[in-house]
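User: Hi, I'm new to this one and would like to go through it step by step. Could you show it to me before we start?
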Amino acid sequence: PLSVPLSVSLSPSPATNMATISVAVTMSRRLLALTPSAATSARKYSLTNGVTLRQLFEKVSSTYTYLLADPVTREAVIIDPVLEEVSRDSRLIHELGLKLLYAANTHCHADHITGSGALRAVLPGCRSVISRNSGAKADILISDGDVIEFGNYYLRALSTPGHTDGCLTYVLNDNSLAFTGDAILIRGCGRTDFQQGCSKTLYQSVHKKIFTLPPSCLLYPAHDYTGQSVTTVEEEMKHNPRLSKTLEEFIHIMDNLNLPKPNLIDIAVPANIRCGIQD
């Protein structure tokens with residue numbers, strides 16, 4: 001269980017796509033990275049410093065990449081890196097003096113090739129992470145409830161399938177922010193017409209997992225096509241034109257989107273199954 005006296009202040013800087021989250025949180029959970037049984041042990045942290053968060057954008061696929069770090073230990077994790085931006089990401093990591101522990105994917109992407117494999121090659125000690133249900137290869141395969149520890153923080157994995165079988169949402173330890181992949185976008189959601197997609201499953205994932213987070217929880221999606229960068233649980237519950245509907249209405253909407261096939265799906269999916277590195 002978590003005891004959460006929480007104070008969150010968000011100071012975005014458009015020039016650097018940077019946000020600093022100030023968190024006060026007491027945790028009573030043993031943080032052994034990516035080990036489900038670790039929750040049976042306990043140690044307490046009192047965090048009064050802020051986790052460092054950088055939001056980075058890849059223009060071709062409109063993909064957001066997120067870099068999180070403990071400013072004290074300098075340990076870091078990156079979420080949804082893109083192959084074409086590995087030089088940018090690794091340069092930023094070096095500039096900030098960070099040690100990248102994990103390159104984690106929210107799912108097996110169809111619109112771009114992940115940069116997790118390339119980051120492993122250029123940053124010794126970095127390990128790739130993806131859902132055990134994705135069918136993809138990675139250094140570490142995780143499931144619902146597993147944690148990724150970096151310094152005095154951790155990300156908890158929520159299984160949120162529907163867009164694909166292997167979709168994960170990563171939630172910061174104090175429940176102040178979550179990285180939702182394609183499960184929920186800002187006023188939208190991921191499509192459900194390929195890659196094991198299922199509208200009913202996606203609706204249930206969002207309503208039973210993401211919408212049960214605190215209303216003020218900040219949601220950071222894997223993509224945005226309208227120039228927005230962040231939303232909240234409360235906003236999406238009220239204003240998401242798809243997921244604020246009933247299940248039956250949602251299924252009808254998703255069944256009638258008639259979206260074109262992603263341009264890179266035949267290249268990206270096979271590459272991402274191999275952690276982004278082609279043989």
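User: Which strand does Gln55 lie in?
Analyst: Keep in mind that this is a predicted model. In it, Gln55 belongs to strand β5, which covers residues 50-58.

User: Is Gln55 buried or exposed?
Analyst: Gln55 is buried, because its relative accessibility is 9% and the cut-off for buried is under 20%.

User: Let's move to the rings, then. How many aromatic pairs are there?
Analyst: The count comes to 7 aromatic pairs. One of them joins Tyr66 and Tyr220 in an edge-to-face arrangement, with 5.5 Å from centre to centre and 65 degrees between the planes. Since Tyr66 sits in strand β6 (residues 63-69) and Tyr220 in strand β15 (residues 218-221), this pair ties together parts that are 154 residues apart in sequence.

User: Are Tyr66 and Tyr220 buried or exposed?
Analyst: Tyr66 is buried, with a relative accessible area of 1%, and Tyr220 is buried as well, at 3%.

User: What about the rings of Tyr203 and Phe250?
Analyst: Their centres are 5.4 Å apart and their planes stand at 45 degrees, so that pair is tilted. Tyr203 lies in helix α3 (residues 199-208) and Phe250 in helix α5 (residues 247-255), so the pair ties together parts 47 residues apart in sequence.

User: Which residues do ring pairs link into a cluster?
Analyst: The cluster is made up of Phe57, Tyr64, Tyr66, Phe179 and Tyr220, linked by ring pairs.

User: Switching to the open sheet of 6 strands, what order do they have?
Analyst: The order is β11-β12-β13-β14-β15-β16, and the pairing is mixed. At the edges stand β11 (147-150) and β16 (231-232), each with a single partner strand, so one side of each has no neighbour in the sheet.

User: How do β12 and β13 pair?
Analyst: Strand β12 (residues 153-159) and strand β13 (residues 168-172) pair in the antiparallel sense over 5 bridges, and Leu155 has Leu172 in β13 as its bridge partner.

User: Last topic: what volume does the largest pocket have, and how many residues line it?
Analyst: The volume of the largest pocket is about 650 Å³. Its lining consists of 28 residues, with Asp111, Leu185, Arg191, His223 and Tyr225 lying nearest the centre, and the lining divides into 12 nonpolar, 9 polar and 7 charged residues.

Key. Residues numbered from 1 in each chain as written. Predicted model: local features only at pLDDT ≥ 70, side-chain atom pairs only at ≥ 80, totals over all residues. Heavy atoms only, no water. 1 Å grid on protein atoms, 1.4 Å probe; cavity = no way out; pocket = protein on both sides within 12 Å on 5 of 7 lines; lining within 4 Å. Points joined across faces, edges and corners; volume = space filled by probe spheres on them. Nonpolar A, V, L, I, M, F, W, Y, C, P; charged D, E, K, R; others polar. Helix = DSSP H or I, 4+ residues; strand = E, 2+ residues; numbered from the N terminus. Buried < 20%, exposed > 50% of the residue type's maximum accessible area, 1.4 Å probe, protein only. Pairing = 2+ DSSP bridges. Phe/Tyr/Trp six-rings, centres within 6.5 Å; stacked < 30°, edge-to-face > 60°.
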